[in-house]
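Here is a short report on one chain. The sequence and model come first, then the notes.

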Amino acid sequence: SLSQNQFPSHFTYNFLNSGSGSVGSWYSDGWNIISANGCPNVQNYGGLWMPDDYYSNLWASGYDLYIGGMQNRVAEQFAIDVSTSDGLLVLKQWMYDHLEGAPTGGIVNFSAGISVGNYYMDGDIITSWGSPVNHAMTIVGWDDNIEYDFNNDGYFTNNVDLNGDDVIDMRDWEKGAVIMVNSWGNYWGNSGKAYIPYRLLAESIENGGIFSNKVYSINVKESYSPLLVLKTKISHSSREKISVKAGVSNNLSATTPDYIMDFPIFNYQGGDLPMNGSNSTPLELALDITPLLSYFD
């Protein structure tokens, strides 16, 4: 089912937002969490966010939930530079077949400025992003036939020097656009979607472009099973004051570990709140400590 192949935004987000839905997070920080300890699917988590998670501060609780999520792992993160037509071609190939002739393609994230009043939209075409950069969105496809007359000369061209720099490149194009999806619901754009002209992938932020002229995505592990898992319950009145680590020693009488594992979760995060975000109930968690096996027989 779809919910078994979807992953909740708020499982990782709630570790990264200081306990407040008004604070943002960066996608690579969420992917780091999934790389280190996995992520449950939407079916097991109970939705893209938990039904009672009004303030975006609940941390998932339950050994089975964490252990079940450990099989879902990010293998690597990468960026595609889309400031040139060559980079655009790589992006299209990734969306078509994952760059490897696969039967399905991939999607990518990007960031841009989209505050009220500082970005511009004509129908369902973004004509300029704003500044500062403040929102992450997703690109899911493309359409070479979308056209927009940026210089109002009555023609749609990819071979006219629109910006007067004596160079014809993607920043001069009026034909073609990628298809983006926002997270603001169906009321925004065309049922939550819009077109981004190719030229805005190459433009600077000052000229209405996207952050860093790059898009970001991941490859995932086809399969993964942890060999050693730490399971524990923790109560604490202020979770931002604690960090959970795992350690091991070959010396049975040791009082400190020889080797220590850090984690990008339960690491001085989540604001001045109890472990689960709402009350003093202990939080059940599991951490994949398989890498510690390499330090002892």
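## Whole chain

This is a predicted model. The chain holds six helices and twelve strands. Its C-alpha atoms fill a box of roughly 80 × 40 × 40 Å along the principal axes. Of the 297 residues, 42% are buried. Take the contacts between residues at least 6 apart in sequence: 68% of them join residues at least 24 apart.

## Surface and charge

Side chains count 13 positive and 32 negative. The centres of these two sets lie 9 Å apart.

## Helix H5

H5 covers residues 85–97, 13 residues in total. From first C-alpha to last it reaches 18 Å, close to the 18 Å expected at 1.5 Å a residue. After H5 comes His98, with a positive phi near 60 degrees.

Which residues of H5 are buried? They are Gly87, Leu88, Leu91, Lys92, Trp94, Met95 and Asp97. An α-helix has 3.6 residues a turn, so residues three or four places apart point the same way. The cover over the buried residues of H5 includes strands S1 (74–81), S2 (108–113), S5 (130–147), S6 (175–181) and S8 (214–220), along with helix H6 (198–202).

## Strand pairing around S5

Ala112 stands opposite His135 in S5.

Conventions
Residues are numbered from 1 along each chain as its sequence is written. This is a predicted model: local features need pLDDT of at least 70, side-chain atom pairs count only at pLDDT 80 or more; totals for chains, interfaces and linings use all residues. Side-chain values use heavy atoms; hydrogens and water are left out. Helices (H or I, at least four residues) and strands (E, at least two) are DSSP runs, numbered from the N terminus. The expected span of a helix is 1.5 Å times one less than its number of residues. Buried means under 20% relative accessible area, exposed over 50%, partly exposed in between (1.4 Å probe, protein chains only). Contact means heavy atoms within 4.5 Å. Two strands pair if DSSP finds at least two bridges between them. Lys and Arg count as positive and Asp and Glu as negative; His and the chain ends are not counted. The place of a charge is taken as NZ of Lys, CZ of Arg, CG of Asp or CD of Glu.
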